[in-house]
Amino acid sequence: MALIRRPQRPDAGWLSRWSFEINSLSMTASVGIAGLLGVAYWAIAARLMSAEQVGQASAIISTMVTLGTIANLSLGPMLERFLPISGRRAGGYLVKAQLITAGFAVLLGVGFCLVGPVEDMFSEPWQPPVFVGFVVVQAAFALQDNVLTSLGVARWAAVKNTGHAALKIVTLLLVVVAAGGFALAASWGVVSGLAVVGGLVVGQTRRPRLTAEFRDDLPPHRELWSYFASNYGIVVIASVPGLVIPLLVLSQRGAEQTAHFNLSWVLVAAFFTVLGAVVGPFVAEAAARPDEVLSLLRRFVRLVVPIAVAGGLFLAFLAPWLLHLVGKDYGTESVPLLRAMGLTVTLTAFTACYTVLAKVERKLALLVWVQVGSAILLVGLTALWVEPLGLAGIGLAYLVVQVLSCLVMVGPLIGSVRRFRAEAAARTEEPLEGSRQ
């Protein structure tokens with residue numbers, strides 16, 4: 001489907017011209033800082049608490065974060081793609097998205113407490129209801145990144161995330177005396193709640209001026225629902241391994257191995273998040289400036305490739321040394337996982353390029369099927385390999401799936417670039433044809 005064209009508003013200065021780079025680099029820097037602070041957070045926890053307590057806390061935190069992500073119902077990516085072309089209806093859409101997300105988070109949290117392994121995660125009857133509240137908080141926390149990105153001020157989301165990472169360490173030191181895994185998870189949830197309040201203040205302050213500049217170019221409702229369904233499928237399916245794999249490690253390898261996996265995965269997830277952080281600003285910019293997609297794509301590649309390569313080298317060579325500083329067992333157990341994930345993160349730059357173009361073109365069917373196959377294969381290979389191979393089995397599973405994803409996407413990526421080039425060439429020829437007449 002061809003992109004919707006519309007007149008572009010006059011350039012508002014250097015901040016507008018370089019908004020993609022400013023927002024993307026701000027998000028990238030915040031993720032990097034948050035990742036380092038996250039390592040410090042879990043390193044301090046590992047020093048001050050037992051491996052079993054850290055393992056319990058990491059299982060609770062990963063579950064509430066994953067459920068919060070699922071509760072977003074893919075509304076965050078929807079806002080990034082369509083809010084810039086929703087005109088004065090933008091404010092109403094933002095309120096509805098936040099209310100829907102909160103309600104669904106409650107349902108997911110309660111459902112998990114009814115059918116999940118609560119006996120392994122909670123020790124007191126009052127803890128599951130509190131956990132449900134934290135799922136709601138995490139849902140709001142995750143959605144705010146998309147809201148601020150869609151408003152063109154992702155740099156404020158970067159400030160929120162950096163503050164959240166720093167304040168978590170302070171609360172960790174305060175709850176150590178409680179000497180419990182749930183206390184550690186609860187401190188995480190409280191800090192997330194404070195960050196949500198700050199993000200709401202920023203969003204409400206910036207929204208009226210920014211949304212007044214939006215133009216109403218929304219596609220038909222049928223296409224919106226199709227995009228929503230596809231995006232939600234991608235988000236939910238991609239979240240499944242994050243929910244299941246830590247529980248597989250906990251059940252098959254025990255709480256101590258879960259602690260080793262969690263500390264390593266903080267580093268891995270940081271680079272996945274960094275790569276994902278530049279996707280939102282690209283989609284929002286491309287939606288607002290559809291005639292500049294190829295130019296934005298070149299700028300995107302210049303950002304994402306160095307990040308992916310640097311991330312791969314860091315995970316393969318520097319991350320194991322850092323974990324040795326936390327404890328000899330942490331570094332030794334995690335080396336095979338980190339080496340495999342270094343290669344995986346590097347290859348993710350390729351799939352990120354196809355992902356942003358698919359979102360701009362609103363053609364998500366292939367992404368849905370790739371996510372379905374990836375999730376099934378990841379969980380299946382992890383279940384087969386984690387017991388005999390340990391954490392190395394998880395890294396190998398991710399690497400195999402990433403290589404297969406690249407092979408599937410290479411043809412469609414070339415096709416997308418060719419379509420955008422053809423559209424750009426057609427736009428260039430239009431004035432010439434008119435002058436000949």
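Predicted model: local features only at pLDDT ≥ 70, side-chain atom pairs only at ≥ 80, totals over all residues.
A search of the whole structure finds three salt bridges. One of them joins Lys160 to Asp145, with the closest N and O atoms 2.7 Å apart. Lys160 has a relative accessible area of 8%, and Asp145 has a relative accessibility of 18%. Buried means under 20%, so Lys160 counts as buried, and so does Asp145.

Another salt bridge is made by the side chains of Glu223 and Arg362, at 2.4 Å from N to O. Because Glu223 lies in helix 10 and Arg362 in the loop between helix 13 (328-361) and helix 14 (365-389), this pair ties together parts that are 139 residues apart in sequence. Glu223 is buried, with a relative accessible area of 16%, and Arg362 is buried at 13% relative accessibility.

There is also a salt bridge between Glu361 and Arg419, whose closest N and O atoms are 2.9 Å apart. Glu361 is part of helix 13 and Arg419 part of helix 15, so the pair connects parts that are 58 residues apart in sequence. Glu361 is buried, with a relative accessible area of 4%, whereas Arg419 counts as partly exposed at 35%.

Helix 15 (residues 391-436) also holds Ser405. Ser405 is buried, with a relative accessible area of 8%. A polar atom of the Ser405 side chain lies 2.9 Å from the backbone oxygen of Val401. Leaving aside residues up to four places away in sequence, Ser405 touches Thr351, Val370 and Ser374.

Helix 11 (residues 279-288) is mostly covered, with nine of its ten residues buried. The buried residues include Val279, Pro281, Phe282 and Val283, and also Glu285.

The last stop is a pocket. Rolling a probe the size of a water molecule over the atoms shows where empty space is left. The second largest pocket holds about 500 Å³ of space. Its lining consists of 16 residues, and Leu75, Met78, Tyr93, Leu224 and Phe228 lie nearest the centre. Helix 4 (75-82), helix 5 (90-115) and helix 10 (221-277) each supply at least two residues of this lining. By residue type, the lining of the second largest pocket has 13 nonpolar residues, two polar and one charged.

Methods: Residues numbered from 1 in each chain as written. Heavy atoms only, no water. 1 Å grid on protein atoms, 1.4 Å probe; cavity = no way out; pocket = protein on both sides within 12 Å on 5 of 7 lines; lining within 4 Å. Points joined across faces, edges and corners; volume = space filled by probe spheres on them. Helix = DSSP H or I, 4+ residues; strand = E, 2+ residues; numbered from the N terminus. Nonpolar A, V, L, I, M, F, W, Y, C, P; charged D, E, K, R; others polar. Buried < 20%, exposed > 50% of the residue type's maximum accessible area, 1.4 Å probe, protein only. Polar contact = N/O pair within 3.5 Å; in protein donor to acceptor, adjacent residues only side chain to side chain. Contact = heavy atoms within 4.5 Å. Salt bridge = Lys/Arg side-chain N within 4 Å of Asp/Glu carboxyl O.
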